[in-house]
Amino acid sequence: MKTFAIWIAALLLCASAAHAQTAPLYQALGEKPGIAALMGDFVDRMKANARIGKLFDEIKPAYLKEQLTDQICELSGGPCKYEGEEMKKSHEKLGIDKAQFNLVVEILQAAMDARAIPFSTQNQLLAKLAPMHREIITVP
Ligand code: HEM
């Protein structure tokens, strides 16, 4: 019985150690299933938006959702690898300005609100995305 208890304790320790390897932000976003659900809604909202929706006509929504999920998963410290196009290359032909970038941030915030993602988690994710404006905004 004692040996059994030691085994259980060892197993629990291993399980918590494995969990601790992924970052808090990744966990707060609901890990890969939560991020996939968030990105699914985010892409649907961007496509439905009157000001920027048309930009997404050429890209398959399922592909974009998958790329964004991998990217946010990796960025938040999860066990994923983003293998899509570089940010500069995938956005330079779109002629994106600051207002459009800010609109996308607002749409992401609305998608996070809809999933009741806490404000502090939202801010942590947005802080990681903000520096990407340098590669994405090409129109002053
Ligand atoms: C931090 C902000 C952003 C991130 C992290 C991001 C991320 C991505 C990713 C991962 C892709 C797929 C790349 C691939 O083809 O493999 C993509 C494509 C795309 N993004 Fe963004 N994006 C951002 C901002 C924006 C903004 C502001 C717009 C427009 C207002 C936009 C419009 C698009 C469009 C239209 C595509 C598809 C391009 C094509 O047809 O190939 N993105 N983005």
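This is a predicted model: local features need pLDDT of at least 70, side-chain atom pairs count only at pLDDT 80 or more; totals for chains, interfaces and linings use all residues.

Modeller: Helix H7 itself covers residues 119-129. Which of its residues are buried? They are Thr121, Gln122, Leu125, Leu126 and Leu129. Looking down the axis of H7, these buried residues fall within an arc of 130°, so they line one face of the helix.

Now take one residue from that face. Thr121 is found in helix H7. Its relative accessible area is 5%. Buried means under 20%, so Thr121 counts as buried. What does Thr121 contact, leaving aside its neighbours within four places in sequence? The contacts are Leu25, Ala28 and Leu29.

Helix H4 spans residues 61-75, and helix H3 spans residues 31-48. The axes of H3 and H4 come within 9 Å and cross at roughly 135°. That makes H3 oblique to H4. The crossing of H3 past H4 is right-handed.

Who meets whom there? From H3 come Lys32, Ile35, Ala36, Met39, Gly40, Phe42, Val43, Asp44 and Lys47. From H4 come Pro61, Leu64, Lys65, Leu68, Thr69, Asp70, Ile72 and Cys73. The residues of this H3 contact with H4 divide into ten nonpolar, two polar and five charged.

Note on methods: Residues are numbered from 1 along each chain as its sequence is written. Side-chain values use heavy atoms; hydrogens and water are left out. Axes are lines fitted to C-alpha atoms, for helices over the stretch in contact, and angles run from 0 to 180 degrees between N-to-C directions. Helices (H or I, at least four residues) and strands (E, at least two) are DSSP runs, numbered from the N terminus. Angles under 35 degrees count as roughly parallel, over 145 as roughly antiparallel, 65 to 115 as roughly perpendicular and the rest as oblique. A crossing is left-handed if the near helix is turned anticlockwise from the far one by less than a right angle, and right-handed if clockwise. Contact means heavy atoms within 4.5 Å. Ala, Val, Leu, Ile, Met, Phe, Trp, Tyr, Cys and Pro count as nonpolar, Asp, Glu, Lys and Arg as charged, and the others, Gly among them, as polar. Buried means under 20% relative accessible area, exposed over 50%, partly exposed in between (1.4 Å probe, protein chains only). The arc is that of the directions from the helix axis to the C-beta atoms.
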